[in-house]
Amino acid sequence: IKGFMIQGGCPNTKAGSRGMPGTGDPGYKVKAEFNEKPHVRGVISMARSAHPDSAGCQFFICHGDARFLDRQYTAFGALVDIGVHQDGLVHVSQLA
């Protein structure tokens, strides 16, 4: 979603899958681990349904600040600068 986030990890995007992309899960749920990490540009967080303990395999990367997600989604990482000349999020944001 342009200016917000990009999501990945859905098994329904694999060749031969029958489910609707963006709705798949691994067959189990992960209990929420909400934390104080702010949802800002480059943060990686677990995607879930409306139920807090419904995360599984899907995740998202924030394109920009999404602080309204703080303490409601499990942020677990962030992109790091690996010395690449072009900011990868800029490129992804232009595609979205």
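# Close-up views of a predicted model

View 1. A disulfide here means a pair of cysteine sulfur atoms within 2.5 Å, and a search of the whole structure finds zero of them. Cys-57 counts as partly exposed at 25% relative accessibility, while Cys-62 is buried at 0%. In these legends, buried stands for under 20% relative accessible area, exposed for over 50%, and partly exposed for what lies in between (1.4 Å probe, protein chains only).

A word on reading the views: this is a predicted model, in which local features need pLDDT of at least 70 and side-chain atom pairs count only at pLDDT 80 or more, whereas totals for chains, interfaces and linings use all residues. Residues are numbered from 1 along each chain as its sequence is written, and side-chain values use heavy atoms, with hydrogens and water left out.

**View 2. Phe-4 and Phe-68 form a stacked pair.** Rings of Phe, Tyr and Trp (its six-membered ring) pair if their centres lie within 6.5 Å; planes under 30 degrees apart are stacked, over 60 edge-to-face, and the rest tilted. The count by this rule is two aromatic pairs. In one, Phe-4 and Phe-68 have ring centres 5.7 Å apart and planes at 25 degrees, so this pair is stacked. It links distant parts of the chain, 64 residues apart: Phe-4 is in the segment before strand 1 (5-8), and Phe-68 is in the loop between strand 3 (59-62) and strand 4 (75-78). Strands (E, at least two residues) are DSSP runs numbered from the N terminus. Phe-4 is partly exposed at 22% relative accessibility, whereas Phe-68 is exposed at 54%.

View 3. Phe-60 and Tyr-73 make an edge-to-face pair, with 6.0 Å from centre to centre and 80 degrees between the planes. Phe-60 lies in strand 3 and Tyr-73 in the loop between strand 3 and strand 4, so the pair ties together parts 13 residues apart in sequence. Phe-60 is buried, at 4% relative accessibility. Over the ring of Tyr-73 sits the charged end of Arg-48, 4.2 Å from the ring centre (NZ of Lys or CZ of Arg must be within 6 Å of the ring centre and within 35 degrees of the ring normal).

View 4. In one of them, Glu-36 meets Arg-71 at 3.7 Å, N to O. Glu-36 is in the loop between strand 1 and strand 2 (43-46), and Arg-71 is in the loop between strand 3 and strand 4, 35 residues apart. Glu-36 is exposed at 61%, and Arg-71 is partly exposed at 46%.

View 5. The N to O distance is 2.4 Å in the salt bridge of Asp-70 and Arg-67. Asp-70 is buried at 7% relative accessibility, but Arg-67 is partly exposed at 49%. In the salt bridge of Asp-25 and Lys-29, the closest N and O atoms are 2.8 Å apart.

Definitions and conventions:
Helix = DSSP H or I, 4+ residues; strand = E, 2+ residues; numbered from the N terminus. Salt bridge = Lys/Arg side-chain N within 4 Å of Asp/Glu carboxyl O.
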